[in-house]
Amino acid sequence: MTILFLFLALFVLMFIGVPIAVSLGLAGSLTIMLFSPDSVRSLAIKLFETSEHYTLLAIPFFLLAGAFMTTGGVARRLIDFANACVGHIRGGLAIGAVLACMLFAALSGSSPATVAAVGSIAIAGMVRSGYPQAFGAGIVCNAGTLGILIPPSVVMVVYAAATETSVGKLFMAGVIPGLMLGTALMIGIYIYAVKKNLPAMPRASFREWLSAARKALWGLLLMVIILGGIYSGMFTPTEAAAVAAVYSGAIALFVYKDLTWRECPKVLLESSKLSIMLMFIIANAMLFAHVLTTEQIPQQITAWVIEAGLQPWMFLLVVNIVLLIAGAFMEPSAIILILAPILFPIAIQLGIDPIHLGVIMVVNMEIGLITPPVGLNLFVTSAVTGMSVPQVIRAALPWLLMLLSFLMVITYVPAVSLALPNWLGM
């Protein structure tokens, strides 16, 4: 009865148009008031505990770093560097856009930020060079999802906080899948470009390549600082996020000088708004997860799954179906915080590595970002290109099929996610 009421209240509130964060908080609060022996005061305590969660501190810092990088012209320099590397290949501008998305993903930790930063420059450049606008929009919309797979990733931080797993290990687990997906998209683009005879840029001379690399170097160094610092033990992922924010601000203001002191308050305000919105969702989702835990719901579901004799491969298939449906309607962080506490104990019981489960959930969230009706990347791409959302959906659909195939590989070949963390002895 408690489980039924909790989820029914959540879906009814969302259906009548109540914001997701408020729906989560209200559903949890009503369940405690009506069915639980817990005091209502536990709700206030739980909300306060969320603000004290050390791991979650990384989120506002990574968002601030991404804001400085987006405003500070780093994306433009990364696109120039990517084009100098691969622009001469048939379809090279589109391949360069994917490479730029991969590089920017390693700086921002956010998919919408990656689409906004790279898409605003790369799609216009592709159209000027004779590429169809829909083709460019579809590529960037899909490649932008790498923002939450290639470390650092805000969604991975949320999963680590929800399941108390290692953020550093999760970050390393996302490296090979991220490179694989980026490479698969590039190969797909090349095959399409050869078939459709899309243009190629003149090959960049070594001096031009060196110049582009030198200009992009300060942005690229941030990847080394974040991942190198975490793996070497110099600082924790949360401290790495703070270092990234300070470093990004410094290069935007003093090195590239694309950002003035007068514009700083606006950047801080925008990243603060985004942080507050995300942390409000997380706080309410953690309240919802608290109700799940106190009512022993994950343990009950785990017992049902074990009694039903569900095999690991069958469980992972169900997980993917549930996450793909949820991803079409909800924000990734909220989904992780609602479902991770339920799925995590079952996975452990079935012998599935929690880091592997984390990567599976993140890849599902990637697909959710380009799945209507609530796919955030679709709306960002629409805003960047001026295309309607239905047009963007049609443009993104062929590449979405590639992401679904990639999901199957990630799900049933754990070595793809676990090889690098295991090799590094994490």
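I began with E164, which lies in the loop between α9 and α10; helices here are DSSP runs of H or I of at least four residues, strands are runs of E of at least two, and both are numbered from the N terminus. I am working with a predicted model, in which local features need pLDDT of at least 70 and side-chain atom pairs count only at pLDDT 80 or more, while totals for chains, interfaces and linings use all residues. Residues are numbered from 1 along each chain as its sequence is written, and side-chain values use heavy atoms, with hydrogens and water left out.

I checked confidence next: pLDDT, the predictor's confidence in each residue from 0 to 100, averages 85 over the chain, with 99% of the residues at 70 or above. Confidence is lowest in helix α3 (residues 41-51), at a mean of 72, and highest in helix α18 (residues 354-368), at 94.

Back at E164, I noted a phi near 60°, a positive value in a residue other than glycine. E164 counts as exposed because its relative accessible area is 74% (buried is under 20%, exposed over 50%, partly exposed in between, with a 1.4 Å probe and protein chains only).

I then looked up helix α9 itself (residues 154-163), where nine of the 10 residues are buried. Those buried residues pack against α4 (58-71), α10 (167-173), α14 (264-294), α17 (332-349) and α18, contact meaning heavy atoms within 4.5 Å. At the start of α9, I found a side-chain oxygen of S153 within 3.4 Å of the backbone nitrogen of V155.

What lines the second largest pocket? I counted 18 lining residues, of which A161, A162, A289, T293 and P341 lie nearest the centre of the pocket; the elements giving two or more residues to this lining are α3, α9, α14, α15 (297-307) and α17. A pocket is an open set of points on a 1 Å grid over the protein atoms alone, where a 1.4 Å probe fits, with protein on both sides within 12 Å along at least five of seven lines, and lining residues have an atom within 4 Å of a point.

Last, I looked at T411 in helix α20 (residues 389-412), which is buried because its relative accessible area is 1%. Leaving aside residues up to four places away in sequence, T411 touches L316, N320, H356 and I360.

Note on methods: A polar contact is a pair of N or O atoms within 3.5 Å; within protein, one must be able to donate a hydrogen and the other to accept it, and residues adjacent in sequence count only if both atoms are side-chain atoms.
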